[in-house]
Amino acid sequence: MKQQRTLILKASLIAMFCASAGFATTASAAKTLVFCSEGSPEGFNPQFFSTGTTMDASSVPMFNRLVEFDTGTTNIVPGLAESWTIAPDGLSYTFTLRKGVKFHSSAKFKPTRDMNADDIVFTYNRMADPQHPFHKNTPGTTYAYFEDMGMNKIVDKIEKVDAMTVRFKLLHPEAPFLANLAMDFNSVQSAEYADKMKAAGTPQIVDREPIGTGAFQFVSYQKDAVIRYKAFDAYWGGRPKIDNLIYAITPDASVRYAKLKAGECHVMAFPKPADIALMKADPALTMLTKEGLNIGYIAFNVEKKPFDNKLVRQALTMAVDKQSILKTVFQGSGQNAKNPIPPMLWSYNDKIVDYPYDVAKAKALLAKAGYPNGAEVDLWYLPVSRPYNPDGKRMAELIQADWAKVGVKAKLVTYEWGEYRKRSKTGEQQAMMFGWSGDNGDPDNFFGPLLGCDAVAGGGNVARWCNKDFEAQLQKAKATSVQAERAKFYERAQEIVHEEAPLIEIAHSVRFTPVRKEVIGFKMDATAHHYFDKVDLAK
């Protein structure tokens with residue numbers, strides 16, 4: 001009887017979701033999967049953003065790229081390009097496009113053609129060319145990830161060879177170039193859609209109401225509440241098995257868990273470590289786990305006092321009791337971090353010795369730096385759970401207490417997630433809690449976006465640290481295709497980061513994803529996205 005009541009409750013809750021979304025709920029009907037996500041998207045054009053919430057809520061359901069990552073690995077596989085060739089000198093990449101790829105439609109747009117080379121050229125040039133008519137289409141936005149990755153310094157131009165062939169010409173050999181093309185900001189968009197909306201006098205619609213080629217097409221967004229998608233019948237990869245996909249935006253991890261238990265959602269993002277054991281014991285749930293391709297850290301804004309002083313940065317690194325954080329915040333689901341990249345990634349420099357937790361030495365360094373009586377600083381903390389940090393507020397409280405022991409008074413500050421990210425791009429912060437989940441399995445995807453000079457302007461480098469020696473190592477690494485040689489440059493880069501201490505590397509977390517038993521075929525992705533195109537629901 002109890003099980004029957006639970007199933008009735010679950011069915012009624014899903015029905016309410018579907019009814020509010022305008023989806024069918026008749027008996028023949030539609031399979032609707034609800035995903036309890038952790039935060040609201042900054043927007044729906046993946047070219048503008050670099051945070052996982054935006055990527056998960058826009059790129060994953062709706063967009064594809066020329067090349068993709070194999071789900072569960074970081075191997076490059078064909079996407080909208082069915083094949084490609086690389087010139088012997090590494091200076092050009094030629095892609096043959098997949099035929100018969102359809103774009104989504106909407107009330108305002110009905111595509112009249114399949115995807116072709118014009119769409120690839122439009123997608124890239126919109127980001128690369130400041131004079132492109134759509135470069136400044138949406139005021140106040142930037143091509144953050146494109147800039148963080150230095151793409152304009154990699155690609156000379158893109159050429160349309162014929163209707164189904166495009167060629168990228170590079171300024172210099174770039175070892176991670178293919179992996180870069182598989183990232184979300186290179187999601188292919190419709191040139192025809194852009195042209196028609198511009199002709200109608202409503203060009204900004206292309207960024208608010210996205211049109212892609214992905215497995216699910218956008219239906220609607222209720223701010224800070226729910227995003228609705230429906231299966232794309234003409235998807236080139238085969239129609240999804242579920243009919244409707246709903247992202248129930250639920251910032252509180254405890255509330256997400258309650259919804260999962262009640263059957264209000266089928267898959268949950270980023271559970272609290274304290275709940276893992278209960279979830280594993282629940283017969284209605286399956287707990288998936290994967291080693292995290294991530295890093296959680298505190299970034300010191302080196303443009304602001306007192307963090308313009310290396311000794312202060314080193315002192316406050318020594319003043320943090322990481323083991324206490326691992327025990328209290330991660331509760332067994334994380335490992336100590338000493339480098340900006342996780343140990344699972346090639347080129348990890350294990351010879352580096354982490355800063356010890358040493359209050360006395362930290363005080364001595366502060367005095368040497370000119371702060372014998374400490375200082376007052378702001379410490380921003382994450383307002384949402386992230387794959388690299390399950391509880392930003394609790395971590396901030398522990399660090400606040402640690403720094404107080406060396407005379408540094410930290411005022412804890414936070415904002416709504418979108419506002420938090422937006423403010424960080426301008427350098428408003430002093431010390432800031434942040435983190436990163438790798439997008440392509442290449443070390444450059446950590447070093448460049450987090451600490452590279454280009455990423456200061458793009459906003460990903462929230463430490464705003466631009467070091468010439470470090471940058472030189474990155475450029476040398478990217479110029480060679482021999483992995484062993486690249487690894488040597490990255491190992492040296494890690495030594496420089498350790499000495500200069502622009503970050504306190506806190507932890508690499510193990511990722512957990514609880515799913516209900518009726519979910520079939522869901523797999524955890526290596527890059528921390530959530531993919532539902534191959535997922536089904538048991539009847």
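Biologist: Does Cys453 count as buried, partly exposed or exposed, and what is its relative accessibility?

Modeller: The model is predicted, and its values are computed from the atoms. Buried would require under 20% relative accessible area, and exposed over 50%. Cys453 lies between these cut-offs and therefore counts as partly exposed, with a relative accessibility of 21%.

Biologist: With which residue does Cys453 form a disulfide?

Modeller: A disulfide is a covalent bond between the sulfur atoms of two cysteines. A search of the whole structure finds one such link. The sulfur atoms are 2.0 Å apart, and the partner of Cys453 is Cys466.

Biologist: How many residues apart are Cys453 and Cys466?

Modeller: The link is right-handed, with 95° about the S-S bond. It joins distant parts of the chain: Cys453 is in the loop between α15 and α16, and Cys466 is in the loop between α16 and α17. Their separation is 13 residues.

Biologist: Within what arc do the buried residues of α17 fall, seen down the axis?

Modeller: The buried residues of α17 are Phe470, Glu471, Gln473, Leu474, Ala477 and Lys478. An α-helix has 3.6 residues a turn, so residues three or four places apart point the same way. The buried residues of α17 line one face of the helix, because they fall within an arc of 155°.

Biologist: Which exposed residues does the face of α17 turned away from its buried side carry?

Modeller: The buried residues of α17 pack against α15 and α18. At the start of α17, a side-chain oxygen of Asn467 reaches to within 3.0 Å of the backbone nitrogen of Asp469. The face turned away from the buried side of α17 carries the exposed residues Lys468 and Asp469.

Key
Residues are numbered from 1 along each chain as its sequence is written. This is a predicted model: local features need pLDDT of at least 70, side-chain atom pairs count only at pLDDT 80 or more; totals for chains, interfaces and linings use all residues. Side-chain values use heavy atoms; hydrogens and water are left out. A disulfide is a pair of cysteine sulfur atoms within 2.5 Å. Helices (H or I, at least four residues) and strands (E, at least two) are DSSP runs, numbered from the N terminus. Buried means under 20% relative accessible area, exposed over 50%, partly exposed in between (1.4 Å probe, protein chains only). The arc is that of the directions from the helix axis to the C-beta atoms. Contact means heavy atoms within 4.5 Å. A polar contact is a pair of N or O atoms within 3.5 Å; within protein, one must be able to donate a hydrogen and the other to accept it, and residues adjacent in sequence count only if both atoms are side-chain atoms.
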